[in-house]
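Reader: Please take a close look at the aromatic rings of this model, with the cut-offs behind each term. Which rings pair, and where does a charge sit over a ring?

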Amino acid sequence: MGGVARKLGWVALALVGAFCLGVVALHRGESISAIWLVIASVAVFMLGYRFYGRFIAEKALQVDPSRATP
């Protein structure tokens with residue numbers, strides 16, 4: 001059950017980020033509140049850290065927890 005809740009949390013974060021970016025992109029005319037930009041950027045950075053970080057660790061650096069530190 002913990003895995004499903006974690007995935008739903010990441011999906012919720014992605015949806016919040018997408019909503020905030022949509023507000024920023026579609027808002028015309030009046031000035032926009034900086035909180036939309038802050039929330040959108042934090043969501044994008046967290047998603048990037050989570051998924052791109054895993055990609056770098058597994059594919060580029062080939063991190064192996066069983067290998068001893070020199």
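Author: R50 lies over the face of F51, at 5.2 Å from the ring centre, where a charge counts as sitting over a ring if NZ of Lys or CZ of Arg is within 6 Å of the ring centre and within 35 degrees of the ring normal. This is a predicted model, in which local features need pLDDT of at least 70 and side-chain atom pairs count only at pLDDT 80 or more, while totals for chains, interfaces and linings use all residues. Residues are numbered from 1 along each chain as its sequence is written, and side-chain values use heavy atoms, with hydrogens and water left out.

The structure holds 3 aromatic pairs, a pair being rings of Phe, Tyr or Trp (its six-membered ring) with centres within 6.5 Å, called stacked when the planes are under 30 degrees apart, edge-to-face when over 60 and tilted for the rest. One of them joins W10 and F51, whose ring centres are 5.7 Å apart and whose planes stand at 70°, so the pair is edge-to-face. This pair links distant parts of the chain, with W10 in helix α1 (residues 2–26) and F51 in helix α2 (residues 34–60), 41 residues apart; helices here are DSSP runs (H or I, at least four residues), numbered from the N terminus. W10 is partly exposed at a relative accessible area of 24%, and F51 is also partly exposed, at 43%, where buried means under 20%, exposed over 50% and partly exposed in between (1.4 Å probe, protein chains only).

Another pair is formed by Y52 and F55, with ring centres 6.0 Å apart and planes at 25°, so this pair is stacked. Because Y52 and F55 are 3 residues apart in helix α2, about one helical turn separates them. Y52 is exposed, with a relative accessible area of 54%, whereas F55 is partly exposed at 44%.

Notes:
Helix = DSSP H or I, 4+ residues; strand = E, 2+ residues; numbered from the N terminus.
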